[in-house]
Structures are given as structure tokens and as C-alpha cells.
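This briefing covers one protein model and takes up helix packing, pockets and charged pairs in turn. Please look over the sequence and the structure before reading the points below.

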Amino acid sequence: MYSSVTLDEIASQLYFSKTYIKNVFRKYTGTSIIQYYIDLKMDEAKKLIIQNKYSFTEIADMLSINSVHYFSRLFKQRTDMSPSEYAKSIKVDNLIK
């Protein structure tokens, strides 16, 4: 989660062509490898936001995402909330419990 990875690196490690890996992965998961990896990163981002120890910029850096703006855009695409909206929703949930 805490580094970046490319399809070329994955193909090199597995000794298969990129096309073969993409096709097999999509067949069994219904999504691309990169989208799946981004989803994993956003799940990790949620955990880090819940901890309330890091700024969004720090979280983006930790997850090897180039900018906080790109991080925010990815997060919103996957959760329908900005990182700050998610953080507020967690605080509200904790107050209700």
C-alpha cells in the first residue's frame, strides 16, 4: 500500500505479458489491476483517517500518491465523499455510538 507499482513491474515479477495479466485479473475480479490497487489504497486511507493522526497531505505521501488534490479526487471517486467529509462522518458516528 505504501509504495507505487506499475503494470510493467507486476508483469516482470510474474513473468507474464501485461496483456495476459490484465485479461486474467479482469476475468476473475471484474476490474483492472490498477483500479483494484487504488481501491486497496483508499481502504488504507480510510483506516488512516479514522486514526486521526495524519493530515490528508501526509496520508497522500504515505500512500505514494503524488498530490493531496489527486488523493482527494481518488477518494471522492471511490467513496462519494471527500476525505474531510469522511473524517467528519466518522466523528459523528462515534458521537452517536
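In what follows, Ala, Val, Leu, Ile, Met, Phe, Trp, Tyr, Cys and Pro count as nonpolar, Asp, Glu, Lys and Arg count as charged, and the others, Gly among them, count as polar. By these classes, the lining of the second largest pocket divides into seven nonpolar, two polar and one charged residues. The model is predicted.

**The second largest pocket**

- The space in the second largest pocket comes to about 150 Å³.
- Ten residues line the second largest pocket, and the closest to its centre are I49, I50, N52, A87 and K91.
- Helices α3, α4 (56-62) and α6 (83-96) are the elements that give two or more residues to this lining.
- Which element gives the most to the lining of the second largest pocket? It is α6, with four residues.

**The largest pocket**

- Rolling a probe the size of a water molecule over the atoms shows where empty space is left.
- The largest pocket has a volume of about 200 Å³.
- Its lining is made of S4, V5, I34, Y37, I38, K41, L63, S64, I65, N66, Y70 and L74.
- Sorted by class, the lining of the largest pocket holds eight nonpolar, three polar and one charged residues.
- At least two residues of the lining come from each of α3 and α5, and α3 gives the most, with four residues.

**Packing of α3 and α5**

- Helix α3 (residues 33-51) packs with helix α5 (residues 68-79) at an angle of about 100°, and their axes are 10 Å apart.
- Angles of 65 to 115 degrees count as roughly perpendicular, so α3 is roughly perpendicular to α5.
- On the α3 side, the contact is made by Q35, I38, D39, M42, A45, K46 and I49.
- On the α5 side, the contact is made by F71, L74, F75, R78 and T79.
- The residues of this contact divide into seven nonpolar, two polar and three charged.
- I38 of α3 and L74 of α5 belong to this contact, and I38 and L74 also line the largest pocket.
- I49 of α3 is part of the contact with α5 and is among the residues closest to the centre of the second largest pocket.

**Salt bridges**

- Side chains of opposite charge can pair when their charged atoms come close.
- How many salt bridges does a search of the whole structure find? The search finds two.
- K18 lies in helix α2 (residues 18-29) and D8 in helix α1 (residues 7-14), so the pair, ten residues apart, links distant parts of the chain.

Terms used
Residues are numbered from 1 along each chain as its sequence is written. This is a predicted model: local features need pLDDT of at least 70, side-chain atom pairs count only at pLDDT 80 or more; totals for chains, interfaces and linings use all residues. Side-chain values use heavy atoms; hydrogens and water are left out. Axes are lines fitted to C-alpha atoms, for helices over the stretch in contact, and angles run from 0 to 180 degrees between N-to-C directions. Angles under 35 degrees count as roughly parallel, over 145 as roughly antiparallel, 65 to 115 as roughly perpendicular and the rest as oblique. Contact means heavy atoms within 4.5 Å. On a 1 Å grid over the protein atoms alone, a cavity is a set of points where a 1.4 Å probe fits but cannot get out, and a pocket is an open set with protein on both sides within 12 Å along at least five of seven lines; lining residues have an atom within 4 Å of a point. Grid points are joined across faces, edges and corners, and a volume is the space filled by probe spheres set on the points. A salt bridge is a side-chain nitrogen of Lys or Arg within 4 Å of a carboxyl oxygen of Asp or Glu.
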